[in-house]
Amino acid sequence: MPIHEKSLIRPENLKTHENLVIDGVDVSGHWSTFIESRVVTDYNEALEEEIAALPGGEHIHRCWQCGSCTNSCTVHAVNPDFNPRYWIYLIRMGMESELLRDKEIMWQCVSCNKCTYACPRDVFPEGVMKAAAHWLELKGHTPKSKSTLFDDEFTAQVVQTGKIEEGRIIRNFFATTGQPLLQDWLVEMAKRVARRLPVKLGIMMGLAALVRPRTRGWGKARAAIAEYVGEQEARHRKALGLAELVEAARADAGAKPN
Ligand code: SF4
Ligand code: SF4
């Protein structure tokens with residue numbers, strides 16, 4: 001199913017003739033709008049495979065473009081430009097440059113999973129949205145989003161210690177993203193938690209913030225997880241041809257005069 005929504009057609013490709021007569025019939029005016037055809041030559045034929053290689057994108061090939069994901073989407077309800085069905089279509093067609101036009105909003109999926117429950121083909125559109133956002137970051141089209149930076153911090157702490165210490169995650173996340181620690185909502189939340197927190201638990205949380213607790217005997221698990229994460233990252237980089245892209249960018253930079 002091609003681009004079938006007028007809102008998705010580039011404005012410069014919509015032609016309205018103020019004065020037009022065809023076979024003696026006056027068809028002037030807004031209702032006789034035409035769509036100018038165009039030729040797309042910059043396909044990325046590997047785009048579907050690249051998205052499918054990332055976590056969440058594995059089942060993109062099942063999509064039959066029914067549009068149930070977009071119709072049920074929480075974000076689409078407030079921003080009609082947020083359109084999972086359309087993006088899945090572009091990915092499957094390899095239309096990378098078209099996809100990149102929406103790179104500033106694709107990461108806005110709130111993971112409500114309404115699309116996942118609505119999808120009759122088990123595509124897991126929520127996963128595809130995550131894979132697409134991840135793809136944008138890996139290819140350097142967008143900087144790492146705050147949610148990715150949070151995931152990085154969370155993962156690093158689990159791998160290092162086998163435990164989660166929420167206060168440390170928040171502190172490090174705020175530091176990485178340049179946010180002040182003393183934010184009104186956080187202070188208010190801390191006050192409310194402190195009012196109801198059992199004393200013993202409060203002491204344990206305070207100690208955990210000072211000494212970094214680790215799961216006993218975590219060394220082997222840490223090595224296994226780190227190895228697995230390394231393997232997956234290498235697989236993703238290979239699927240997206242990142243080494244070749246870096247090489248091409250270096251060659252390009254070297255070829256340019258200073
Ligand atoms: S998970 Fe994302 S894409 Fe799916 S309905 Fe929710 S906001 Fe929309
Ligand atoms: S609901 Fe599923 S099959 Fe339908 S367009 Fe969305 S992803 Fe494709």
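**Glu98 and the chain around it**

Mentor: In this predicted model, Glu98 is buried, its relative accessible area being 3%.

Trainee: Why does Glu98 count as buried?

Mentor: The cut-off for a buried residue is under 20% relative accessible area. Glu98 falls under that cut-off because its relative accessible area is 3%.

Trainee: In which helix does Glu98 lie?

Mentor: The secondary structure of the chain comes to 13 helices and four strands. Glu98 belongs to the helix that covers residues 96–100, namely α5.

Trainee: With which residues is Glu98 in contact, leaving aside its neighbours within four places in sequence?

Mentor: Contact here requires heavy atoms within 4.5 Å. With those sequence neighbours left aside, the partners of Glu98 are Arg10, Arg38, Tyr86 and Leu90.

Trainee: How many positive and negative side chains does the chain have, and how far apart do the centres of the two sets lie?

Mentor: There are 33 positive and 33 negative side chains in the chain. The centres of these two sets are separated by 12 Å.

Trainee: What percentage of the residues of the chain count as buried?

Mentor: The chain has 258 residues. Those that count as buried make up 32%.

Trainee: What radius of gyration does the chain have?

Mentor: The C-alpha trace spans about 90 × 50 × 45 Å along its principal axes. For a compact globule of 258 residues the radius of gyration would be near 18 Å, but for the chain it is 25 Å.

Conventions:
Residues are numbered from 1 along each chain as its sequence is written. Chains are lettered from A and ligands numbered from 1 in the order in which they are written. This is a predicted model: local features need pLDDT of at least 70, side-chain atom pairs count only at pLDDT 80 or more; totals for chains, interfaces and linings use all residues. Side-chain values use heavy atoms; hydrogens and water are left out. Helices (H or I, at least four residues) and strands (E, at least two) are DSSP runs, numbered from the N terminus. The radius of gyration is taken over C-alpha atoms; the globule rule is 2.2 Å times the number of residues to the power 0.38. Buried means under 20% relative accessible area, exposed over 50%, partly exposed in between (1.4 Å probe, protein chains only). Lys and Arg count as positive and Asp and Glu as negative; His and the chain ends are not counted. The place of a charge is taken as NZ of Lys, CZ of Arg, CG of Asp or CD of Glu.
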